[in-house]
Amino acid sequence: MALAGGSVRAEEINVAVAANFTEAATEIAAAFQAATGHRALLSFGSTGQLFTQITQNAPFDVFLAADSARPARAVKEGLAVAGTNFTYAIGKLVLWSADPGLVTDETVLSADGFTRIALANPETAPYGAAAVEVMRNLGVHDGLEPKFVRGNSIAQTYQFVATGNAELGFVALSQLAGRTEGSAWIVPDDLYAPIRQDAVLLNNGAGNPAAQAFVGFLKGPEAAAIIARYGYGADAG
């Protein structure tokens, strides 16, 4: 059917997505396709790994990071469209164990009840950097460092804990959405800097109406409802 402004054709776009946002992004992509006919192909990884791929001309149209720094760098370095970066979610950090009796609060970090604690690589994963900040603020970082098991991404970190390769670990609250097993302590916001997760339209998607539509959809109420359901906070401005 002809519409004003020309015919509409379904397109495919490539979206680089921070690993903590895997399940939420999958739902958003399905809703986006249902609403527009466009298909978003999602590639997951740590924010640092994805940014490196972007600098090496990976064919991504949109970047959903787990921080605000790398989308800003993408704009500064001429890899993304100026003025298109925005905060789509505020991440929440959780100390989690598959053992239902292990984690009650931060005191578990000072106890001698575990041999390994998982966190994402703080050099490439913002949730890992936040975990380090929490442990430093609690005064337990140096004592725990010999027990660290570092995941390449927050997804791998979650798997370390879920499979028992580490008795507990710092994961994203979104990864526990709908799950009741294990034990968890939601880390208070005042123990780490806000994990502002920004998105940006990359140069590869600048002339692609479907990529622009995805960014618009991510800002809209349907995506916002999905994001909130996974435990993320909203941008307060």
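User: How are the axes and angles of helices defined here?

Analyst: Axes are lines fitted to C-alpha atoms, for helices over the stretch in contact, and angles run from 0 to 180 degrees between N-to-C directions. This is a predicted model, in which local features need pLDDT of at least 70 and side-chain atom pairs count only at pLDDT 80 or more, while totals for chains, interfaces and linings use all residues. Residues are numbered from 1 along each chain as its sequence is written, and side-chain values use heavy atoms, with hydrogens and water left out.

User: What makes H1 roughly antiparallel to H8?

Analyst: The axes of helix H1 (residues 22–36) and helix H8 (residues 221–229) come within 10 Å and cross at roughly 160°. Angles under 35 degrees count as roughly parallel, over 145 as roughly antiparallel, 65 to 115 as roughly perpendicular and the rest as oblique, so H1 is roughly antiparallel to H8.

User: Why does His 141 count as buried?

Analyst: Buried means under 20% relative accessible area, exposed over 50%, and partly exposed in between (1.4 Å probe, protein chains only). His 141 has 5% relative accessibility, and therefore counts as buried. Its place is in helix H5 (residues 141–144).

User: Why does Gly 139 count as exposed?

Analyst: Gly 139 has 66% relative accessibility, and so it counts as exposed. Gly 139 lies in the loop between helix H4 (126–137) and H5. From Gly 139 to Pro 209 there are 70 residues in sequence and 50 Å in space, C-alpha to C-alpha.

Definitions and conventions:
Helices (H or I, at least four residues) and strands (E, at least two) are DSSP runs, numbered from the N terminus.
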